[in-house]
Amino acid sequence: VFAATFTVIKLARANEIPFLNTFPAFLEANGQKLFFDWDGHFTPAGHRVVADYLARAPEFRVFLEQRIR
């Protein structure tokens with residue numbers, strides 16, 4: 001998982017694609033059921049992890065501000 005995350009980060013940077021790494025937020029949420037077993041989509045708890053991360057991430061605020069100008 002770590003190798004895949006770093007590969008995506010590297011590809012995003014090389015192609016100037018904005019990327020926010022939510023992986024650490026998921027690691028902090030241990031013990032919660034964050035993904036559905038049958039399709040891998042987020043559960044409500046998984047969505048909450050991402051929403052909380054985005055609400056706190058200064059780089060997400062910068063990303064949004066650059067797009068609404």
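What is the relative accessible area of D37, and does that make D37 buried or exposed?

Mentor: D37 is exposed, with a relative accessible area of 66%; the cut-offs are under 20% for buried, over 50% for exposed and partly exposed in between, using a 1.4 Å probe and protein chains only. Before going on, keep in mind that this is a predicted model, where local features need pLDDT of at least 70, side-chain atom pairs count only at pLDDT 80 or more, and totals for chains, interfaces and linings use all residues. Numbering starts from 1 along each chain as its sequence is written, and side-chain values use heavy atoms, leaving out hydrogens and water.

Now for the partner: D37 makes a salt bridge with K33, their closest N and O atoms sitting 2.6 Å apart. The term needs a side-chain nitrogen of Lys or Arg within 4 Å of a carboxyl oxygen of Asp or Glu. K33 is partly exposed, at 47% relative accessible area. Search the whole structure and you find one salt bridge. As for charges, the chain has 8 positive and 7 negative side chains, with Lys and Arg counted as positive, Asp and Glu as negative, and His and the chain ends not counted.

Stepping back, the chain has four helices and zero strands, taken as DSSP runs (H or I, at least four residues, for helices; E, at least two, for strands). Buried residues account for 22% of its 69 residues, and the C-alpha trace spans about 40 × 25 × 20 Å along its principal axes.

Terms used. Charge placed at Lys NZ, Arg CZ, Asp CG, Glu CD.
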